[in-house]
Amino acid sequence: MMKAGVVQMTSSADPSHNMKALQASLHRLSEQGVKLALTPENALVFGGKQDYQRHAERLGHGPLQQQLAELAHHYDLWLVVGAFPIQNDNGMLSSTSLVFDNAGHLRGSYDKLHLFDVEVADAHGRYCESDYFEAGDRLATLDTPFGCLGLSICYDVRFAPMYQALRAQGADIITVPAAFTRVTGQAHWETLLRARAIDTPVSYKHLPAQQKRPTT
């Protein structure tokens, strides 16, 4: 039986501060026997355009990704980093989910498909991720010891066909790391998660007979 753990963070634009908080959380989760740990969106860098540009790294390279790999290896767990700024070949940034295995190897990644460009009734007012990120162009699934992971990020959760497509590609577990605003979170977060779970039921046909259970 695999035990998964969710890291909750109040991240800032300072990666060193965020990394310390992440390490402390992974230490606690490891002591509880967790083998799959998931962080929120923007766990290591949560700020404005200049912050993302300053700390962005090439995929699979850079000191921050190296530290993440070392944490996964040290605590002997798979680590899904909700979203991290990655610099692409064209010089643009993507908001990218990273998956490290328990040996510290980067095993997969996913560039956020649906960027959060909306007006919200809060003090900030307007959010426009496309000002500093470019949208991804592919779905991402990944085989792990726990089953096939389907990767998504935050605002993706509003788009049901994406989750149905991930399920069609064999996803057993779908991750939705997020940094929802307070207003949209209170109004929509749990409702949307429940809706996507209903949209994408897991089939148990592939399980041994003693592990099968009825769907509802």
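Analyst: Let us start with Asn18, which is buried, with a relative accessible area of 1%. Please keep in mind throughout that this is a predicted model.

User: Why is Asn18 called buried?

Analyst: The word buried is kept for residues under 20% relative accessible area. Asn18 has a value of 1%, so the label buried applies. This residue lies in helix 1, and, leaving aside neighbours within four places in sequence, Asn18 is in contact with Met9, Ser11, Ser12, Ala43, Leu44 and Val45.

User: What makes the pairing of the side chains of Asn18 and His17 a polar contact?

Analyst: The cut-off for such a pair of N or O atoms is within 3.5 Å. The side chains of Asn18 and His17 are given at 3.5 Å, and the contact is counted as polar.

User: How do you know that Lys112 and Glu41 meet in a salt bridge?

Analyst: A salt bridge needs a side-chain nitrogen of Lys or Arg within 4 Å of a carboxyl oxygen of Asp or Glu. For Lys112 and Glu41 the N to O value is 2.9 Å, and therefore the pair qualifies. The pair links distant parts of the chain, 71 residues apart, with Lys112 in the loop between strand 5 (106–111) and strand 6 (117–119), and Glu41 in the loop between strand 2 (36–38) and helix 2 (49–55).

User: Are the two partners, Lys112 and Glu41, buried or exposed?

Analyst: Lys112 has a relative accessibility of 1% and so counts as buried, and Glu41, with a relative accessible area of 4%, is buried as well.

User: Why is Arg194 called exposed, whereas Glu190 is called partly exposed?

Analyst: Exposed means over 50%, and partly exposed covers the range between that and the buried class. Arg194 stands at 54% and therefore counts as exposed, while Glu190 stands at 49% and therefore counts as partly exposed. Elsewhere, salt bridges that share partners join Glu41, Lys112 and Glu129 into one network.

User: What makes Asp51 and Arg54 a salt bridge, and is Asp51 buried or exposed?

Analyst: The N to O value for Asp51 and Arg54 is 3.1 Å, which is within 4 Å, so the pair is a salt bridge. Both residues lie in helix 2, three residues apart, about one turn of the helix. Asp51 has a relative accessibility of 17%, and because buried means under 20%, Asp51 counts as buried. A search of the whole structure finds eight salt bridges.

User: How many disulfides does the structure hold, and are Cys148 and Cys154 buried or exposed?

Analyst: The structure holds zero disulfides; a disulfide would need a pair of cysteine sulfur atoms within 2.5 Å. Cys148 is at 6% and is therefore buried, and Cys154, at 7%, counts as buried too.

User: Which residues touch the most other members of the largest nonpolar core?

Analyst: Of its 29 residues, they are Leu22, Leu26, Leu44, Leu68, Leu79 and Phe100. The largest share of this core, five residues, comes from helix 3.

Key. Residues are numbered from 1 along each chain as its sequence is written. This is a predicted model: local features need pLDDT of at least 70, side-chain atom pairs count only at pLDDT 80 or more; totals for chains, interfaces and linings use all residues. Side-chain values use heavy atoms; hydrogens and water are left out. Helices (H or I, at least four residues) and strands (E, at least two) are DSSP runs, numbered from the N terminus. Buried means under 20% relative accessible area, exposed over 50%, partly exposed in between (1.4 Å probe, protein chains only). A nonpolar core is a set of buried Ala, Val, Leu, Ile, Met, Phe, Trp, Tyr and Cys residues joined through side-chain atoms within 4.5 Å. A polar contact is a pair of N or O atoms within 3.5 Å; within protein, one must be able to donate a hydrogen and the other to accept it, and residues adjacent in sequence count only if both atoms are side-chain atoms. Contact means heavy atoms within 4.5 Å.
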